[in-house]
Amino acid sequence: MLDLAIQQPAGSSLAALRSLVVDSVSAPNSKRAYGRAVDSFLAWHQRENRGPFSKALLQAYCAGLEQRGLAPATINVDLSALRRLAAE
């Protein structure tokens with residue numbers, strides 16, 4: 001994984017990151033799901049004041065999704081979007 005510090009960049013930087021992830025898929029439903037996943041993760045990260053982007057960070061986020069009772073398929077879509085985020 002990346003050792004990338006996720007800080008609070010300017011809104012345009014977050015929008016650019018989100019666009020990179022959303023634009024990496026072509027289906028409208030995938031775009032919507034990936035956008036929601038990135039928005040949700042970034043909001044969680046900011047709220048929880050977590051450290052750098054890492055495997056441990058994603059595991060903590062995934063555990064939170066499971067605690068919320070989300071379906072495994074939903075969690076997998078979210079993780080797919082976050083893998084795209086890591087690739088960017």
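Leaving aside its neighbours within four places in sequence, with which residues is L85 in contact? In this structure, L85 is in contact (heavy atoms within 4.5 Å) with L17, V21, F41 and F53 when those neighbours are set aside. The model is a predicted one, in which local features need pLDDT of at least 70 and side-chain atom pairs count only at pLDDT 80 or more, while totals for chains, interfaces and linings use all residues. Residues are numbered from 1 along each chain as its sequence is written, and side-chain values use heavy atoms, with hydrogens and water left out.

L85 also belongs to the largest nonpolar core, which has 20 residues. Such a core is a set of buried Ala, Val, Leu, Ile, Met, Phe, Trp, Tyr and Cys residues joined through side-chain atoms within 4.5 Å; buried means under 20% relative accessible area, exposed over 50%, and partly exposed in between, with a 1.4 Å probe and protein chains only. The members that touch the most others are V21, F41, F53, Y61, L82 and L85. Two or more residues of this core are given by each of helix 2, helix 3 (55-67) and helix 4. Helices are DSSP runs of H or I with at least four residues, numbered from the N terminus. In soluble globular proteins, nonpolar side chains tend to be buried together.

Four salt bridges were found in a search of the whole structure, a salt bridge being a side-chain nitrogen of Lys or Arg within 4 Å of a carboxyl oxygen of Asp or Glu. One of them joins the side chains of R18 and D39, at 2.8 Å from N to O. Because R18 lies in helix 1 (residues 11-22) and D39 in helix 2 (residues 28-48), this pair ties together parts that are 21 residues apart in sequence. R18 is partly exposed at 30% relative accessibility, and D39 is partly exposed at 36%.

A salt bridge also links R36 and D78, with an N to O distance of 2.6 Å. R36 is in helix 2 and D78 in helix 4 (residues 72-87), so parts that are 42 residues apart in sequence are tied together. R36 is partly exposed at 38% relative accessibility, whereas D78 is buried, with a relative accessible area of 1%. In the salt bridge between K31 and D23, the closest N and O atoms are 3.8 Å apart; K31 is partly exposed at 27%, and D23 is exposed at 55%.

Helix 2 also holds H45, a residue buried at 5% relative accessibility. The side chain of H45 reaches the backbone oxygen of G51 at 2.9 Å.

Notes:
Polar contact = N/O pair within 3.5 Å; in protein donor to acceptor, adjacent residues only side chain to side chain.
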